[in-house]
Amino acid sequence: MNDWNFCPRCATPLAMIAAEEDGGLTERLRCPACGFTHWNNPTPVLAAIVEYRGQVLLARNAAWPAKMFALITGFMEAGESPHEGIAREVKEETNLEVQSHTLVGAYDFQRMNQVIIAYHVVAEGEVRLSPELADYRLYDLPQLRCWPAGTGYALADWLRTRGHEPVFFTAEENAERRRGLD
């Protein structure tokens, strides 16, 4: 997704201009007046597979359809490490304190131009959702279903480390759980 139209340095309209880069001739949004380049790099997003009282907590964003639950996610902020950021996000969104965290992996989410850094966290406390979240559910591992997108692949990889072969929503089931989102 690109919403850059003007140069942030000189306000000239940006244009797709090819220029030599380390990888060869590359076309990007550039300023024809001052040479500014909009790199359009992916944004780092943090995701947590929250283990809470022996179950996995999935949450529903207030803007999502009623059947759609997923991992706790949020943008990494300047000046924090990924593990600091995931503890902050879990606290902000659920009021839970992260006791431990383990990196699950990094996943591309090209549709949103994001790179997801996923963690498994063990958290304690009393759940109190932020206004950003409408609901949450607790799942035993065999009950979890994965979705065919970045955080769903992270959940699947983590389930494998726990000796569970992940089960993905079918295309029809996933479309139904997303109905109204697109």
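Which residues of the largest nonpolar core touch the most other members? Among its 22 residues, these are Val56, Leu58, Leu144, Leu155, Trp158 and Leu159. A nonpolar core is a set of buried Ala, Val, Leu, Ile, Met, Phe, Trp, Tyr and Cys residues joined through side-chain atoms within 4.5 Å; buried means under 20% relative accessible area (1.4 Å probe, protein chains only).

The model is predicted: local features need pLDDT of at least 70, side-chain atom pairs count only at pLDDT 80 or more, and totals for chains, interfaces and linings use all residues. Residues are numbered from 1 along each chain as its sequence is written, and side-chain values use heavy atoms, with hydrogens and water left out.

Helices (H or I, at least four residues) and strands (E, at least two) are DSSP runs numbered from the N terminus. H2 supplies the largest share, five residues. A second, separate core has 17 residues, including Val50, Leu57, Val98 and Ile117. In soluble globular proteins, nonpolar side chains tend to be buried together.

Leaving out residues up to four places away in sequence, Leu144 touches Val56, Leu58, Tyr139, Leu155, Leu159 and Val167; contact means heavy atoms within 4.5 Å.

Val45 lies in strand E4 (residues 43-52) and is buried, with a relative accessible area of 7%. Phe75 is 30 residues from Val45 in sequence, yet their C-alpha atoms are 4.5 Å apart. Beyond four places in sequence, the contacts of Val45 are Thr73, Gly74, Phe75, Gln114, Val115, Ile116 and Ile117.

Helix H1 (residues 82-94) has 13 residues and should span 18 Å at 1.5 Å a residue, which agrees with the 18 Å between its end C-alpha atoms. The expected span is 1.5 Å times one less than the number of residues. Buried residues in H1 are Gly85, Ile86, Arg88, Glu89, Val90, Glu93 and Thr94. Their cover includes E4 and the strands tabulated here.

| Strand | Residues |
|---|---|
| E5 | 55-61 |
| E6 | 72-75 |
| E7 | 97-109 |
| E8 | 114-124 |
| E9 | 133-139 |

After H1 comes Asn95, with a positive phi near 70°.

Notes. Buried means under 20% relative accessible area, exposed over 50%, partly exposed in between (1.4 Å probe, protein chains only).
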